Amino acid sequence: MGVVGWLILVAIVVVIAVVAFLVIRRRRRGGGVFATRDRR
Amino acid sequence: MRLLMTASQIRGLPVVTVHGGEDMAEVRDVIYSPESGRLVGVTLNKRGFFAGRSRDVLSAEAIHAVGQHAVMVIDESSIVAPEDAPEDVRHPATERDVLGDDVLTEGGSSLGKVVDLVLLVGSSGEVVGYQIDKTGGGRGYIPLPAQLSVSGDALVVPNITEEFIQDDLVGLGASVDEFRSRLGLS
């Protein structure tokens, strides 16, 4: 594989990593319903 | 008759200013005080599909109204930096998830487990009931007094609550006033 091939491969890996990061961040957006700490 | 919605329906709602109609953020976590029967605030996500968590938060005092389609605030200054917010809103007690807590009557009967909070639409975060997984099976709704006793991980409600278990939100909305008048609260 030549230099161009390696560059394409690296570009594909970078794109996959960025998309995975964004999807994971999106999935973490879900929150919860939490009580205050004074509840004892 | 009261118009009601659940806390799950609030999560993900846009936060919009009354003055200007600007869509500023969306609701992430709902922070609830069982003792006062009210929301104390919400944490926020930034707007946009891939946007992440926002550092800024919204205290209940700054909420103009919780509506079915948006949480309304007066203006941009309503959303504040964490340093300017109450401790429970700045650092939500994520280990104190209300959902799944037992609901016990003062007489010691278990009514079930909390599935969701029920809020008054148009208020600034008044919680008027719980959606529960009933001990005997199935889902139901119970009204709450304005203030609650809390015991460890259980939410303690008056004995007469058992008589007011409803099958749907409409039934709950109709029963809240009668429930509170029976308790001498209104």
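What covers the buried residues of α3(B)? A few friendly notes follow.

1. This is a predicted model, where local features need pLDDT of at least 70 and side-chain atom pairs count only at pLDDT 80 or more, while totals for chains, interfaces and linings use all residues. Residues are numbered from 1 along each chain as its sequence is written, chains are lettered from A in the order in which they are written, and side-chain values use heavy atoms, without hydrogens and water.

2. To the opening question: the cover includes β1 (4-6), β10 (110-120), β11 (127-134) and β12 (139-143) of chain B. Helices (H or I, at least four residues) and strands (E, at least two) are DSSP runs, numbered from the N terminus. Among the buried residues of α3(B) are B:Leu172, B:Val176 and B:Phe179 (buried means under 20% relative accessible area, exposed over 50%, partly exposed in between; 1.4 Å probe, protein chains only).

3. B:Ser175 is also buried, and α3(B) bends there by about 40° (the angle between axes fitted to the seven residues ending there and the seven starting there). After the helix comes B:Gly184, with a positive phi near 75°.

4. B:Ser8 sits in helix α1 (residues 7-10) of chain B and is partly exposed, at a relative accessible area of 35%.

5. Now the interface: 17 residues of chain A are in contact with 36 residues of chain B (heavy atoms within 4.5 Å). For salt bridges between the two chains, the rule finds 0 (a side-chain nitrogen of Lys or Arg within 4 Å of a carboxyl oxygen of Asp or Glu).
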